[in-house]
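Please read the following report alongside the sequence and the coordinates, taking each region in turn. The model it describes is predicted.

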Amino acid sequence: MTIVPLKVSPYQLLKPGIIFICLLYLPLFSQKSSIVFDHYGYNQGFTSRSSRGVVKASNGFIYISTEQGLAKYDGNQFTYFSHNPADTSSLSDNYLKDICQDKHGRLWIVSGNDINVFDLKTESTSRVYPRGKEILSKHFDPLCFLYDTIQDKVWIGTEHGLFWNQGDGISIQPYTFTDAAKNAISINAIVADDRNTLWLGTPGELYALQIRSRELTEIALQDKYSQNDKISGFMTGYMTEDHMLWLGTWTQGLVKYDIRSQQYDNFHFTGAAEQNGVLAINQSALKKENGLLWVGTTKGLMTFDILSQKFTSYVAESIDDMYGVPSSVWDFYNASPEGMWIASHNGLHRYDFNKQIFGETYFPNPKNEIRTFNVSNFDIDRSDPDIAWMFVPGIGNFKYRLSDNSLSAFPHVVEALVTRSSGIFNTYIDAQNILWISTNDNGLLGYDITMDSLLYAPRSFFNKNWVYSFLEYQGILYLGTRNGLFRYDREGNTFEDIESVNQSINDHQLTPAVYDMDFDEHGQLWLQLGHKPTVTDNGLLAYNTETKEIKFIKASDNIVLSILATINDIHVGSDQEMYVSSLNGIAHFKTQGDFSDIGLYTKQHGMISNSVIDLVEDHSGNIWCSGNFGIMAFNMKSKTFRNFSQTATSIGKSEYPMLYYDHHAQSLYVFQNNYYNVLHPQDLTYYPSSISITSIQINNKETKRKDRKWVLNHDQNQIYISFSLLSYTNSSDNIYKYKLEDGTNINWVETKENHARFDKLAPGHYVFIVKGTNGFGIQSDNEERIEFRIRPPFIQSIWFLLILFAGLFAALFSFFKYREKQAGKMHKLRLAIARDLHDEMGSTLSNILMMSELEILKSGEKGNRTLEKVAVKIREVMDSMSDIVWSINPQHDRLEDVVIKIQHEVIEALEPRDIALKFFVQPISEKIAFSISDRRDLYLIFKEAINNIAKHADAKHVTFTYVNSHRKYSLSIQDDGKGFAGDQVHTGNGLKNMRARAEKLGCTLQLVSDAGGTTIHLEKL
């Protein structure tokens, strides 16, 4: 599509000069409304003088381009990323201008004369350049960005033409027009519409670019304030939903261009002879501001009403002025839900939507009196919700129309009775639309609004007995007076003293003044008794209207009520808890029970201050509290406070403003001096926020790692973690909860500090978890966690233990190997000795025995006694040699071998003597090893016994027994011979040797001998 330059009609060019002169100097400003702005300057940690651009990134942080680098704000502190000549991953220049983000987690930044791309995840910077050697031969000089989310394309306006980058890669390329002569135009602003058109603002002209055809068309616009001048110097642009293109110029103000009809207009905010520079344009996210443009100018912050075509100035003298923004404004950024961020030449600012919920209405000045118009009583008419009845001390009483903010006098029938000096204590409109007025001079007045008449004559009731409170319940009107509780009888038009209540008050010696009342769902009427500072017997009384039961809670008898000291107001919430306000907090308890468990809300629970006067409940379950620094909304479900302070919201600055809730219109009225705020609680929005860990320090050194699992050495045991809840409205009210789980400690720590420090952590596994709650009482939608594993010192580590175990194992292995080797050597040596003894000594002794026996044979009958003795001795030596060889042989090292050897000895020694033998031997399952000496001692014990049987016993039967159990054993040999003589049992050398050997074995030896035989029993202890 070709864009045809607009032709200006002759009528527009020939308007009467007088009109233009008037327009030059006619102020185009509407009345400034009260809007509260948050300011971030040096005192808030924003150390840059100015900010040029601002975005809320996808990670929830706010990033600001400044003359000192890139600033990141987390709601608690500002962190700066600056140019470092030694670090190529840092910014190429600290002087930053435009900034935008794409959907790949990157920020595109104009850094000096270059483009930098900042990765949000790694927080590192890439310096990028366009393709083409002809571009690199000169400065790139980027000026502005536009990110197309649908096409995933970044458009870049520079002093040398238009460039673009598409997708998640980085490859900046020049964009060429069909008219090559225009390729190098300087582009200050880029705006896109939904018709595949880019609108390019340059220092001299406005262009329309058809992206597909690359056709560039100049749009010529004439300045209506100076008909000889063409509009030029385009600095910024903004497209509204109605296809209206709004352009900001350096000197010629705000331009409106209809891209469909091609009609246009321009608007100055100051005289035509002065600079009308517009640097930024935006619309807020508030529906009520659909017809409003926010305009950043060289003069400061303004709004432009599209319908009335008027500017409203929000220019402030300094950053301390909460109702304006100082200096020129460079950029806007709408960020849900916290509002619109504003970058200016004098800091960073925010138009917080959450703080603008209170409408503001000034009362008309009655009778032109310049006095404080402080409303003390306010009641909305039951029959006409547009009418309110007001009482203003020192000024008068009025009938007030809400729709047109108009005041009128009271009806004549009551006007003379409620004069300024008559003393108004309280008012109330009941269900019959009767206006009850408690006065000092004329007592209680009942005015029938519908009938325009008094119910009874003045001073008929409660004259000098002032009525402090009214409450209607189930058609009955209750009155709390200076002297107790009363009830109104409508039929008789009389008032009745509730004697049981008043008598109980007197019996308990409480002040009878009933200052406030409220009913609970159980039909109990709660009375607030006495509240003057001089009164020490304040208390609460509960009167059951059905059962007539009366309960007292005396302040002096309860520690919490004693802390309250002065009771200001009471209210039974829809959660059936009683709330009691005071200058020292809000007490609360269930209306049923023994009232022993009374809690107390204070500043520690999120209140803006402890001092509270009025309590009113809205339809959403919020109890609104009037304090000395603003108002608070207590949410009964979440048990949290939302604060609206005088310094942080648009609410007025009156101390303890009176509160009134209109249930019909669902509106909360907050009365200030000379005006009132009105709030619709349903307009309150609650958004959860995310919590983020912002930094980690290990041993006081910050790390850039973003790991969620850490493995640290034993000496890295000082950990400092910073975190932030990314909720920017009154971020100082954010509350954090964290815990460090170590397997035993699971307790949460609650704090307003956004950091946690852990010192001298012992080796082990830790999990750090943090969550937060914002100033609205909404918990974060996530929890952040980090795992730490602190390794023990090397000497306590598993590796050290493994190495130690391996070393010990190696040592033991070597030791046992050595022993095994030595045992092997010993085994071989014993075998060799046994073999040598058997072969050498045995052979030699056998030869000697044979020679002796041969000589004996030769001697004949005469024999040779000497040789016979020699032969006997040789045989004994051979037997002993056989025993020695057996004991040395390592193949006979087990108990089993000893038992078998003994059996063989029994058979060889006794069987030739015709002795009947019996063996009772259990199987030997355990491989019990014996040393050489033990084996020999055991064998010799029984060999001695066997020899004694063979030589001396004359036995006919012998029984050998072996029993074993769990490495214990017993052996016994029994014969039926003639036994030993008594002295032989004790004095024989053989028996002494047997006992000595048994003792060496660690065994007990029992010998029993009588005429019936002998038993020797050996048992292992």
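## The five-stranded sheet

Serine 970 stands opposite glutamate 1019, a residue of strand β70. The two strands concerned, β68 (residues 968-975) and β70 (residues 1013-1020), run antiparallel and are joined by six bridges. They belong to an open sheet of five strands, arranged in the order β66-β67-β68-β70-β69, in which the pairing is mixed. At its edges lie β66 (916-921) and β69 (1003-1010), each of which pairs on one side only. When direction is ignored, neighbouring strands of this sheet are turned against each other by 10° on average.

Cysteine 1003 has a relative accessible area of 8% and is therefore buried, the cut-off being under 20%.

## Helices lying across the sheet

Helix α9 (residues 895-910) consists of 16 residues and spans 22 Å from its first C-alpha to its last, which is close to the 22 Å expected at 1.5 Å a residue. This helix lies across β66, β67 (957-965) and β68, and runs at about 170° to β66.

Helix α10 (residues 932-953) lies across β67, β68, β69 and β70, and its direction makes an angle of about 10° with β68.

Strand β15 (residues 197-201) is largely enclosed by the rest of the structure, because five of its five residues are buried. Both faces of the strand are covered, with Thr197, Trp199 and Gly201 buried on one side and Leu198 and Leu200 buried on the other.

On one pairing, β15 is joined in the antiparallel sense to strand β14 (residues 189-192) over four bridges, and within this pair isoleucine 190 has leucine 200 of β15 as its bridge partner. β14 and β15 form a hairpin with four residues between them, and asparagine 196, which lies in the turn, has a positive phi of about 60°. β15 also pairs in the antiparallel sense with strand β16 (residues 206-210), here over five bridges, and leucine 198 stands opposite leucine 209 in β16. These two strands, β15 and β16, likewise form a hairpin, with four residues between them.

Leaving aside neighbours within four places in sequence, threonine 66 is in contact with Phe46, Ser48, Ser50, Ala71, Tyr80, Asn94, Tyr95 and Leu96.

The side chain of threonine 66 also reaches the backbone oxygen of glycine 69, at 2.7 Å. The C-alpha atom of threonine 66 is separated by 9.3 Å from that of alanine 343, although these two residues are 277 residues apart along the chain.

How many disulfides does a search of the whole structure find? The search finds zero. Cysteine 100 is accordingly in no disulfide, and the nearest cysteine sulfur, which belongs to cysteine 144, is 9.8 Å away. Cysteine 100 has a relative accessibility of 11%, and for that reason this residue counts as buried.

How values were computed
Residues numbered from 1 in each chain as written. Predicted model: local features only at pLDDT ≥ 70, side-chain atom pairs only at ≥ 80, totals over all residues. Heavy atoms only, no water. Expected span 1.5 Å × (residues − 1). Contact = heavy atoms within 4.5 Å. Polar contact = N/O pair within 3.5 Å; in protein donor to acceptor, adjacent residues only side chain to side chain. Disulfide = S-S within 2.5 Å. Buried < 20%, exposed > 50% of the residue type's maximum accessible area, 1.4 Å probe, protein only. Pairing = 2+ DSSP bridges. Axes fitted to C-alpha atoms, helices over the stretch in contact; angles between N-to-C directions.
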